[in-house]
Amino acid sequence: MPQGSYLFTSESVSEGHPDKVCDRISDAILDAFLTHDPQARVACETLCTTNRIVIAGEVRGPEPLVGRNGEIDRERITEIARACVKDIGYEQRGFHWKHAKVDVYLHAQSSDIAQGVDATGNKDEGAGDQGIMFGFACRETEHLMPAPIYFAHSILRSLAEARHSGAEPGLAPDAKSQVTLLYENDRPVRAASIVVSTQHDENLGQEEVREIVRPHVLNVLPEGWMCPEDEFYVNPTGLFVIGGPDGDAGLTGRKIIVDTYGGAAPHGGGAFSGKDPTKVDRSAAYAARYLAKNIVAAGIADRCTIQLSYAIGVSRPLSVYVNTHGTGNVAESKLSQVLRTVMDLSPRGIREHLSLSRPIYARTAAYGHFGRVPEADGGFSWERLDLVDAIRASVG
């Protein structure tokens, strides 16, 4: 039921945030293994701090770091990490793509895990772990995403594009945004406050940075949605010169709410980055978003939450839960049955339906895994709307 008037807030962080640097490196290493072997198993974690990058985790194979023909080694992984840092834009004294020390501690995947996941004989491929995963969609934006997180991502993406193009040379890679929207009758109507903190050159003052940021906020928000001037906060502490991993250590998988729905929907707790698609933390969360988005796009509901659950080594989902939050025109119990028929929700079925065994993951590491545009090479395939007709037909 509508709640009347209320405020709701979501935050985003840029590609240069320490945690996102780690997500990018982990996903780029995953892409390297999938390029070499689409059936690769990877669980890669990264830590970064002042001029130090540490990479650890597990990969499939009898030897650590070896694909089927042995092309991936520690030297190659170190090169990948440096290339990520360089592309993000870090050439600072405390964190530099060329000078940071890189330590690699990847090793072979546990055989106990592998035997549960592998398809053998009459046994289908099993889930790589137990867990619960959520997907969500709503009509607040054209991409069927909650508006606060969508605008928070868009502000930082706009700033990053200006920095990379050279239009704003005074900006540095690390940044955060926070968008608070006023809702009336469960619909967003305007911004109540905007917070943007962005790393910058030491010769820029707070007011100068404020005016650099302002047009990027105005261009992202719908016309007339800008918050009051006294609720527009840019670098509230005054200066933000020391940033990135030199200012705060980063870890893979520490921004899971930023990666999903900004708190507007539940989260199962599992991170995405650095995990191959046999890990249902990632692939089933993508499938749940895909199904929720197609339900909303089909006109069956204005808002939809889906939960999937799995057991390690078991191929079928243990449960498929659908909640349309009182906005649906089809019984939720019927929808939960329909979803099992329009898509194979086994780990193998998800991977094949969404073509997830491709090197498409480094691009997901910043600005959200959802609400993106599907790409020609299969990137963001879970954002497609190609199940709308099948769902409509199945519910009659």
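**From the sheet to a buried serine**

Glu-58 stands opposite His-107 in strand 6. The two belong to a parallel pairing: strand 3 (residues 52-59) and strand 6 join over 8 bridges. Strands pair here if DSSP finds at least two bridges between them. Helices (H or I, at least four residues) and strands (E, at least two) are DSSP runs, numbered from the N terminus.

This is a predicted model, in which local features need pLDDT of at least 70 and side-chain atom pairs count only at pLDDT 80 or more, while totals for chains, interfaces and linings use all residues. Residues are numbered from 1 along each chain as its sequence is written, and side-chain values use heavy atoms, with hydrogens and water left out.

Turn to helix 5 (residues 206-220). Its buried residues (under 20% relative accessible area, 1.4 Å probe, protein chains only) include Val-209, Arg-210, Ile-212 and Val-213. What covers the buried residues includes helix 4 (147-165) and strand 8 (171-184). Helix 5 has a kink of about 25 degrees at Val-213, shortly before the proline Pro-215. That bend is the angle between axes fitted to the seven residues ending there and the seven starting there.

Strand 13 (residues 319-323) shows two faces. Val-320 and Val-322 form the covered one; Ser-319, Tyr-321 and Asn-323 form the uncovered one. In a regular strand the side chains alternate between the two faces of the sheet. Strand 12 (residues 303-310) pairs with strand 13 in the antiparallel sense over 5 bridges. Ile-306 has Val-322 as its bridge partner.

Last stop: Ser-381, in the loop between helix 9 (347-353) and helix 10 (388-395). Why does Ser-381 count as buried? Because its relative accessibility is 2%. A polar atom of its side chain lies 2.6 Å from the backbone oxygen of Leu-354. Leaving aside neighbours within four places in sequence, Ser-381 is in contact with Tyr-290, Leu-354 and Leu-356.

Note on methods. Buried < 20%, exposed > 50% of the residue type's maximum accessible area, 1.4 Å probe, protein only. Polar contact = N/O pair within 3.5 Å; in protein donor to acceptor, adjacent residues only side chain to side chain. Contact = heavy atoms within 4.5 Å.
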